[in-house]
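Visitor: I am new to protein structures. Could you show me how to read one, feature by feature?

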Amino acid sequence: MSYSSRLLEEAVEAFSRLPGIGKKSALRMAMYLIREDKSEMKTLFVEPVDQLISNIKFCEKCNNISDDDVCNICQDREHKAETICVVQSIRDVMAIEDTAQYKGIYHVLGGVISPLDGVTADDLNIDTLIERAQSDQVKEVILAISPTIEGETTIFYLSKKLKEAGVKITQLARGISFGGELEYADEMTLGRSLMTRTEYKLSEI
Amino acid sequence: MAKLDFDKKINLLYGKNGSGKTNLLDAIHYMSLAKSYFSMTDKMLIKEGEEYLRLTGKIQHDGNIQSIIIKYPLGQRKTIEVQKNRLNNSSELVGVLPVVFIAPDDISIVNGGSKERRDFVNRILCQSNPQYLRQLIRYNRVLTQKSSLLKSGKIDYTLLDTYNADLISTGSYIHACRKNFISPFIDFLQQNYADISDGAEQIDIQYITQYDEADIKNAYENILREEVYSKRVLIGTHKDDFDFIINNKRLKKYGSQGQIKSFLYALRIAEYTYIETQLGKKPILILDDFFEKLDRSRLSHLIEMINKDTFEQIFLSDTELDRSKTLFDDRGIDYQAFRVIEGQIASD
């Protein structure tokens with residue numbers, strides 16, 4: 001693409017660095033910002049982005065994204081929470097919060113152990129997790145980590161490390177998805193679902 | 001692009017060297033295992049200047065028709081559909097269309113390193129048992145992780161223990177499968193070898209492994225310090241080998257050219273029989289450049305097996321039509337011939 005303006009070119013370059021944004025989308029975004037009212041664009045876009053970059057924090061307890069030193073969830077629930085839910089990323093916190101099924105606190109690891117990608121246990125928030133799990137108040141640690149090979153390594157590793165804390169260690173159930181049909185489930189999922197089948201309770205319906 | 005209707009029994013592809021016969025045979029292999037027989041990457045399989053590869057196959061078996069579609073657009077993920085259902089993983093394709101491929105460079109199984117022989121055994125076991133393939137993929141992935149950890153020099157014993165526990169559990173499964181495989185396989189092998197040789201030689205395969213189920217945990221623990229020191233993985237089923245034996249000696253070292261060729265041929269037919277017994281269905285047999293590769297006794301053994309209906313669908317390639325034509329016509333064997341010229345193929 002050839003540009004008549006260097007300012008435009010720089011803006012397009014910047015937008016196209018965002019994940020999932022190509023040059024054409026970047027150009028459309030930049031053109032939108034130029035066309036609309038200047039002050040409105042500043043309040044709508046420039047200020048929030050500037051605020052986000054300058055002021056965003058990571059919760060010093062759970063490593064979730066936060067406006068303050070301690071995130072909302074930790075502030076509201078920490079003093080009465082008996083369970084810690086361990087997740088890979090902040091997006092997983094959002095996903096679990098959306099289910100409205102969980103009332104405990106979280107711990108964001110920041111990834112899974114994979115020396116192949118240069119991620120060792122030291123690169124993840126593991127020490128702080130063990131510290132938190134040792135508090136008398138905590139009764140259970142849920143390892144809500146994806147069941148990939150690296151995820152399972154991380155689960156095994158954490159359960160070894162958490163042994164001394166004397167808490168109950170659980171992981172998410174693996175099985176048939178809601179609305180799914182058995183014949184299309186892969187053998188491993190189906191086999192596992194059979195092995196870890198649950199008792200049918202009328203009250204749950 | 002080509003659309004071909006193959007004969008349900010014998011298909012003979014003929015054409016000059018470099019005309020594309022092997023490519024077509026490899027396409028059938030690709031449809032079976034989602035990869036090339038000739039360890040080429042998917043990228044290398046796309047014709048120069050083109051942006052994707054696409055393979056569509058309809059397989060008719062016992063009155064059922066199954067369709068397989070494989071698409072690989074350059075730089076994107078390969079997708080595989082069986083009966084319009086998209087597979088999550090290419091490993092799920094394995095076993096749908098079992099295949100045995102006999103190619104001219106087979107000799108590396110005897111002369112090459114242990115990896116060649118492990119690959120040979122793995123290909124048989126993966127096609128006969130989907131669980132084996134999954135455990136093997138997992139084993140290799142965890143092994144790479146352990147190896148990266150050792151290389152990084154950042155030693156974390158809890159993590160090494162974690163990897164070892166995983167490797168012991170998947171490795172034990174792989175080891176058990178290989179152990180159970182070897183004895184029935186040797187029976188098939190010896191039978192085939194006796195059929196094509198004068199029957200004087202004694203042949204055998206020895207499974208070489210450091211694996212001792214009873215003591216495996218200790219073995220992993222005892223070698224751990226040395227692994228950390230040398231920054232390398234020193235133990236596991238990935239170091240297994242299979243020794244080919246003739247008259248109590250190693251075939252690689254003491255076998256004559258003729259003995260090696262007979263052994264290789266017997267090995268491939270045993271592969272066929274083993275997969276057939278395990279799956280309860282006959283694999284597709286592919287013989288690349290078969291006339292060049294097989295001498296008189298092996299050719300007549302092959303013909304005899306064809307006459308006995310040992311195989312179902314066969315794909316053969318040859319540089320000349322006449323000699324193969326004579327071979328089949330003289331024995332009253334029906335076949336369908338396909339002419340291959342510069343990548344174009346047409347039935348006669």
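Visitor: Let me start with one residue. Is Asn248(B) buried or exposed?

Guide: Keep in mind that this is a predicted model. Exposure is read from the relative accessible area, and exposed means over 50%. Asn248(B) has 77%, so it is exposed.

Visitor: Where in the chain is Asn248(B) found?

Guide: Asn248(B) sits in a loop of chain B, between strand E8 (241-246) and strand E9 (249-250).

Visitor: Which residue of chain A has a positive phi although it is not a glycine?

Guide: Asn63(A) is one, with a phi of about 75°. Asn63(A) lies in the loop joining strand E1 (57-58) and strand E2 (65-66) of chain A. Its relative accessibility is 22%, so Asn63(A) counts as partly exposed.

Visitor: Now strands. What holds a sheet together?

Guide: Strands of a sheet pair through backbone hydrogen bonds, either parallel or antiparallel. Take the parallel case. Strand E1 (residues 10-14) of chain B runs parallel to strand E12 (residues 336-341) of chain B, and four bridges join them.

Visitor: Which residue of E12(B) stands opposite Tyr14(B)?

Guide: Arg339(B) does.

Visitor: And which strand pairs with E12(B) in the antiparallel sense?

Guide: Strand E13 (residues 344-347) of chain B, over four bridges. There, Phe338(B) stands opposite Ser347(B).

Visitor: How many residues lie between E12(B) and E13(B) in their hairpin?

Guide: Two residues. Glu342(B) is in that turn, and it has a positive phi of about 45°.

Visitor: How many bridges link strand E3 (residues 64-73) and strand E4 (residues 79-82) of chain B?

Guide: Four, in the antiparallel sense. In E4(B), Val82(B) is the bridge partner of Ile68(B).

Visitor: And the side chains of a strand?

Guide: In a regular strand the side chains alternate between the two faces of the sheet. At 30% relative accessibility, Gln66(B) is partly exposed.

Visitor: Which residues does Gln66(B) touch, leaving aside neighbours within four places in sequence?

Guide: Gly57(B), Lys58(B), Ile59(B), Val82(B), Gln83(B) and Val96(B). Look at Gln83(B). It is 17 residues from Gln66(B) along the chain, but their C-alpha atoms are separated by 6.0 Å.

Visitor: Can we try a helix residue? Is Ser324(B) buried or exposed?

Guide: Buried means under 20% relative accessible area. Ser324(B) has 0%, so it counts as buried. Ser324(B) belongs to helix H12 (residues 321-330) of chain B. Not counting residues up to four places away in sequence, it touches Leu12(B), Phe290(B), Phe291(B) and Asp318(B).

Visitor: Time to zoom out. How many helices and strands are in chain B?

Guide: There are 12 helices and 13 strands. Chain A has eight helices and six strands. Its pattern along the sequence is α-α-α-β-β-α-β-α-β-α-β-α-β-α.

Visitor: What does the radius of gyration say about chain B?

Guide: Compare it with a compact globule. With 348 residues, such a globule would have a radius near 20 Å; chain B has 22 Å, which agrees.

Methods:
Residues numbered from 1 in each chain as written. Chains lettered and ligands numbered in written order. Predicted model: local features only at pLDDT ≥ 70, side-chain atom pairs only at ≥ 80, totals over all residues. Heavy atoms only, no water. Rg over C-alpha atoms; globule rule 2.2 N^0.38 Å. Pairing = 2+ DSSP bridges. Buried < 20%, exposed > 50% of the residue type's maximum accessible area, 1.4 Å probe, protein only. Contact = heavy atoms within 4.5 Å.
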